[in-house]
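Colleague: I would like to go through some of the labels used for this model. Please set each value against its definition.

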Amino acid sequence: MSETVTIPERSGAAFTLSSGQTLTVIDPKGMQVADLLAFNARDVDEVISSGRTLDYAETIRLTTGHSLYSNRSNILLEIIEDSVGLHDFLLTPCSRETFVHFYPDLPQHRGCFGNLAAALEPYGVLPDRIPVAFNCFMNVPVDGETGKLSVEPPVSKAGDRIVFRAAMDLVIGLTACSAPASNGGSFKPIAYRID
């Protein structure tokens with residue numbers, strides 16, 4: 001088992017994940033979202049796709065047994081373990097503009113978008129290539145009658161995890177989310193482990 005790495009609150013990281021390796025994303029304190037992106041390590045124009053994934057899964061409730069697809073319809077990651085079962089793949093990473101829109105009375109922050117852009121830059125990923133992220137542990141109920149989205153506190157508890165297996169060599173971007181509503185009003189670290 002490899003060492004567990006901690007991503008400090010309101011920050012992000014990027015790293016490579018080889019085909020067949022597993023990535024465990026851990027919520028060490030509970031109620032903390034982690035935005036996850038995946039790119040083909042050999043061609044970063046191939047990137048995780050919410051639209052392809054939700055289309056092929058035929059559900060917005062992705063959990064153990066589901067795969068996360070690329071914009072080219074290739075499987076990037078398979079979810080092989082999930083202690084929460086509630087994640088989001090509809091909403092884009094929070095950004096400075098998100099803070100202006102939703103939190104005008106709070107200090108602005110570059111958000112997950114800015115953290116991902118900075119972390120992924122050494123891998124050749126430009127900001128305009130950052131898509132909708134798979135938001136681990138994020139709780140986004142959809143009203144079945146009106147279609148209205150809301151952002152509620154995560155249901156994840158301390159130590160909860162989701163485990164992915166890489167289907168190809170990948171570049172991963174991962175954050176400890178910066179948006180107040182997404183994390184129950186407080187900011188906490190995220191941890192990960194590669195095996």
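Modeller: In helix H3, the buried residues are Gly111, Cys112, Gly114, Asn115, Leu116, Ala117, Ala119 and Leu120. Buried means under 20% relative accessible area, exposed means over 50%, and partly exposed lies in between, with a 1.4 Å probe and protein chains only. This is a predicted model, in which local features need pLDDT of at least 70 and side-chain atom pairs count only at pLDDT 80 or more, while totals for chains, interfaces and linings use all residues. Residues are numbered from 1 along each chain as its sequence is written, and side-chain values use heavy atoms, without hydrogens or water.

Colleague: What makes helix H3 mostly covered?

Modeller: H3 spans residues 111-120, and eight of its 10 residues are buried. Helices (H or I, at least four residues) and strands (E, at least two) are DSSP runs, numbered from the N terminus.

Colleague: Which elements do the buried residues of H3 pack against?

Modeller: They pack against strand E2 (12-17), E4, H2 and strand E10 (170-175). Contact means heavy atoms within 4.5 Å.

Colleague: Why is proline 93 called buried?

Modeller: Its relative accessible area is 2%, which is under 20%, so proline 93 is buried. Proline 93 sits in the loop between strand E7 (75-82) and helix H2 (96-102). Leaving out residues up to four places away in sequence, proline 93 touches Asp35, Thr98, Cys112, Phe113, Leu116, Ile130, Pro131, Val132 and Ala133. Among these, Cys112 and Leu116 are buried residues of H3.

Colleague: Why does proline 154 count as buried?

Modeller: Proline 154 has 6% relative accessibility, again under 20%, so the label is buried. Its place is the loop between strand E8 (134-136) and strand E9 (160-166). Beyond its neighbours within four places in sequence, the contacts of proline 154 include Met31, Phe137 and Ser182. The C-alpha atoms of proline 154 and serine 182 are 7.1 Å apart, although 28 residues separate them along the chain.

Colleague: What makes a set of residues a nonpolar core?

Modeller: The set must consist of buried Ala, Val, Leu, Ile, Met, Phe, Trp, Tyr and Cys residues joined through side-chain atoms within 4.5 Å. The largest one here has 43 residues, and those with the most contacts inside it are Val25, Leu36, Leu68, Leu77, Phe134 and Phe164. E4 gives the most to this core, with five residues. A second, separate core of nine residues includes Cys112, Met138, Val140 and Ala179.

Colleague: Which residues does leucine 68 contact, neighbours within four places in sequence aside?

Modeller: Among them are Leu36, Leu77, Phe134 and Phe164.
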